[in-house]
Amino acid sequence: MARKILTEHINVPGIETFDVYRKQGGYTAVEKAIKTMTPEEVVEEAKKSGVRGRGGAGFPMGMKWGFLAKPEGVPRYLVCNADESEPGTFKDHHLMKCIPHLLIEGMIISSFALGANKSFIYVRGELMYVIRILEKAIAEAKAQGFLGKNILGSGYDLELVVQPGGGAYICGEETALLESLEGKRGNPRNKPPFPAVKGLYQSPTVVNNVESISNMPWIINNGGDAYATIGIGRSTGTKLISASGHIQKPGVYEIELGVSVEEFLNSDEYCGGVRKGHYLKALVAGGSSVPILPANLITKTAAGEDRLMTYESLSDGGFATGTMLGSGGFIVFDETACIVRNTWNFSRFYHHESCGQCSPCREGTGWMEKVLHRIEHGHGSMHDIDLLVDISKKIEGNTICPLGDAAAWPVASAIRHFRDEFVWHITHPQEATQPGAVYMGEMALV
Amino acid sequence: MEEVKPQLLKITFDGIEVEVEPGTTIMQAARKIAEADDSQGHLVPPAMCYYKPLPVSGGKCRACLVRVSAGSAKDPRPMPKLVPSCITQVQDGMVVENTTNPAVLDTRKSIVEFLLINHPLDCPICDQAGECHLQDFAFEHGSVKTRYEEERRTFDKIDIGPHVQLHMTRCILCYRCVYTADQITEGRVHGVMNRGDASEISTYIEKAIDNDFSGNVIDVCPVGALTDKTFRFKNRVWFTKPEDAHRDCDKCCGKVTLWYRGDEVIRVTARKNTWGEVNDFICNTCRFEKKQTSDWVLDGPTKVKRSSVISANKYRKDLVAKPDFALKLAATQFKPIDDSRPYTTDEETIRHQSIENNDKANHRSLLANNN
Amino acid sequence: MTESPNLVAFTPERLETVKEIIARYPEGRQKSALLPVLHVAQEQWGWVSSEVMDYVAGLLNIRPVEVYEVATFYTMYHLDPVGKHVIEYCRTGPCCLMGGEDVYGHLKRKLGIEPGETTADGLFTLKEVECLAACGWGPVFQIREQFYMNLTNEKVDQIIEELSK
């Protein structure tokens, strides 16, 4: 069995309560950090661990903490990004629902490290029931003296606020999240200034993903160095993977980074393989934004090496033959999945979720969706394919925030690897528009 | 004590060096170059959302994206993405490529395309025509064709009061009118509703935008989304004569431009600078109620430098300087034809000549396209 | 419940909740309470009318337009009256891979309405939403705070029947 850092106790009955969580060794890391360490030492452990942002960007968390400006007399904030909305990703939902105290313990340690006295957990509004779970857990922790004034007699104060979102994928982008937290529209800010200098209420702010922060209790208990021994190279520690699509056992799995894609996909410990009687067609490895891979590039890289579940191995080959680990949204497609339809579906998602601030994203995402809709519904023409590639190129890199890239990549990669399928939709509109029709080389599967 | 002057920063913009104060943006540095030398006006990146008198504006339309090929003298690495010149601050030793970079011009072309896909082509009946920044932008940086085949978006019409006409279909969501209302009026009542390409400028519930300075949203609007109801369908702007004028006003600076048809004042606007920006906003009394010459002291004809066809033959003049990379490339790569060669019947030579003629034809068609 | 409120005011308990929410933020940052307070408002009235938004603006001491801008940006706030149960089904990729399109088709036929519509008896409103972060348990829909996962046609029938009682 692989080592578990986040989910070791997740199946213990009653783990959502303070008492059971405490019995499993919970909150010892808070005691250790607050009683025996300085904030700088906690930051140092985070740096040593090499843990990278688990929200999708993969930026080293300790380094991000190191950028936090610390002007005299200005409050600093820690904001936890629990706005999980990336299609294919549901790990934070699972983690917060099952073991809320883990995140709270992580928040206390991280807030202490950063010198924040008021920290926020921004949870997407759709998960109101999870918000209630978190609020209950916070009340418990407060009653036990782990939150509030003078925590464990140390003189350190911390208040934890759970903030609900209102329904907007874009608020997963850190500056949009901060705008939303200030009670505004979720329009991402222009950067610089970065949140580390001017974030929430124009004060220095760190925004971290739920999973990233939840690693902190283990890192404090066992040391950053111990954490860094798990995984491979710069992909240290474990990662929660949300597995969905055409597999035997969809769900959330904690893997040690470095497990092979082959093993993750096929072993009974994880996905259990593609559903019975079907075979693998494509994979989106890190949430809907990352490039889709065709069957021949999933378990092996273009160079013929085993593809591993690491930041580096998944992106091996760049976008030509690789993809990204992203947020760990592992969506598996078997041969019954229509890539054109799915690309249109994702494109519709980004069109719907664009905030509308900058012109390439506002206009480009809608345009791509319309063209894809036309192709999917049998009204496409051959030049539409190149048009899509061109629009995606014109959006990519030219927008205020990464939503533009996220909208462009799935379209560009689907055409890169499944151009035949797009062509077939255009040349065979009659067949392609049959319900459930899927291109299978020369034949159609209906 | 002697005042300590801040150390000036040096930036190289399209090969031209200029020194600016710390905190200056790339856009302002480029404008400084053009202000010193009128012939360099074409170097300045276009701005559809940025508006200097509104400090929070900018960064949204992406029309002014430029390439930073060296971040600073200290860190000369290029920036990985194109950056919005309107909000990116100059670093000492920065090197910026605008009209000299094909990727920048190509991206700009696509920004025009993006802004136009949902913009109605109703210029013939739009009061903004002739002083529309989107017209200028499309003309100077766009392509003659669109690849957009889908339906354009439309909005339900709303009435925002007796002075200002809102045409939401023409809006490019620059947010300038929102920032103007925030900055110069108490209690903004309009804003951006909805999101994505359904975003619209609206009051949500039908409500008049009613305050002494509400008319300024007309002047800051780069397109015909917010126009003057009292000027509606009165005249094409290029047939009007602008005169600067002033009056003593207890609410505003009282410095305006009167737009004449014959002896009749048919419109009053605030004065705009070289970059089409209003520095001194005016009140609604000056704008909507003082339409007699006798209300004003005339200061002489308005100098219109840019951003308006009223500048007479502006487009023709600009054609020559139109920054087009393909044209520049062709000009440098095109070799003069040697006409002194003897007549030949040798097939290989004829084939060679015909290739050369093709090149010449291509060059011509390139020119035609660009005109 | 979904009537336009004539006299707009939170119930005393909800007003307490709202005050508690406003107190969470630093001095002068009460606008931060906007999203949570709008949720409380929707809980009370079922939807968020412009009168309710004006009332919320007054409580937070911000301009009404600031509330309109926000309420129209986020998808969770119903800006028109809705039925007793709002069924928000996820239409995004992974749920569709798991047979979502068939299940939702069945749901629409069963209720006889399209997304955005309410049944004649005022019981159900259908709303299409994007990813609900439950992809491994798709197809999924949500009614208020409750998630209904791994949906099949039979399960849908069962849920609708129960809620129709």
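The contact between chains A and C takes 47 residues from chain A and 33 residues from chain C. This is a predicted model.

On the chain A side, several elements each supply at least two residues: α7, β3, α8 (174-181), β7 (238-245), β8 (251-256), β11 (329-334) and α15 (339-353). The largest share comes from α15(A), with six residues. By class, this side of chain A has 19 nonpolar, 21 polar and seven charged residues.

Chain C also meets chain B. Here seven residues of chain C are in contact with 11 residues of chain B. Helix α4 (residues 64-73) of chain C gives the most to the chain C side, with five residues. That side of chain C has three nonpolar, two polar and two charged residues.

| Chain C, touching chain B | three residues | two residues | two residues |

Next, chain C itself. Its secondary structure comes to seven helices and four strands. Along the sequence the pattern reads α-α-α-α-β-α-α-β-β-β-α. The C-alpha atoms of chain C fill a box of roughly 50 × 35 × 25 Å along the principal axes. Chain C has 165 residues, and buried residues make up 46% of them. Among contacts in chain C with a separation of 6 or more, 60% are between residues 24 or more positions apart.

Chain A holds an open sheet of four strands. Their order is β3-β2-β1-β4, and the pairing is parallel. β3 and β4 (205-209) of chain A stand at the edges with a single partner strand each, so one side of each is left without a neighbour in the sheet. Neighbouring strands are turned by 20° against each other on average, direction ignored.

Two pairings within this sheet can be followed residue by residue. Strand β1 (residues 77-82) of chain A pairs with β2(A) in the parallel sense over six bridges. There, L78(A) stands opposite S119(A) in β2(A). Six bridges also join strand β2 (residues 118-123) of chain A to strand β3 (residues 159-164) of chain A, and these two run parallel. V123(A) stands opposite P164(A) in β3(A).

Between β2(A) and β3(A), the chain crosses through helix α7 (residues 128-143) of chain A. This β-α-β crossover is right-handed. α7(A) packs on the sheet and touches β2 and β3 of chain A. The direction of α7(A) makes about 170° with that of β3(A). Both α7 and β3 of chain A also supply residues to the side that touches chain C.

Key
Residues are numbered from 1 along each chain as its sequence is written. Chains are lettered from A and ligands numbered from 1 in the order in which they are written. This is a predicted model: local features need pLDDT of at least 70, side-chain atom pairs count only at pLDDT 80 or more; totals for chains, interfaces and linings use all residues. Two residues are in contact if their C-beta atoms, placed from the backbone, lie within 7 Å. Ala, Val, Leu, Ile, Met, Phe, Trp, Tyr, Cys and Pro count as nonpolar, Asp, Glu, Lys and Arg as charged, and the others, Gly among them, as polar. Two strands pair if DSSP finds at least two bridges between them. A crossover is right-handed if, with the strands pointing away from the viewer, the path from the first strand over the helix to the second runs clockwise. A residue is buried if 20 or more other C-beta atoms lie within 10 Å of its own, exposed if 12 or fewer, and partly exposed in between; C-beta atoms are placed from the backbone. Axes are lines fitted to C-alpha atoms, for helices over the stretch in contact, and angles run from 0 to 180 degrees between N-to-C directions.
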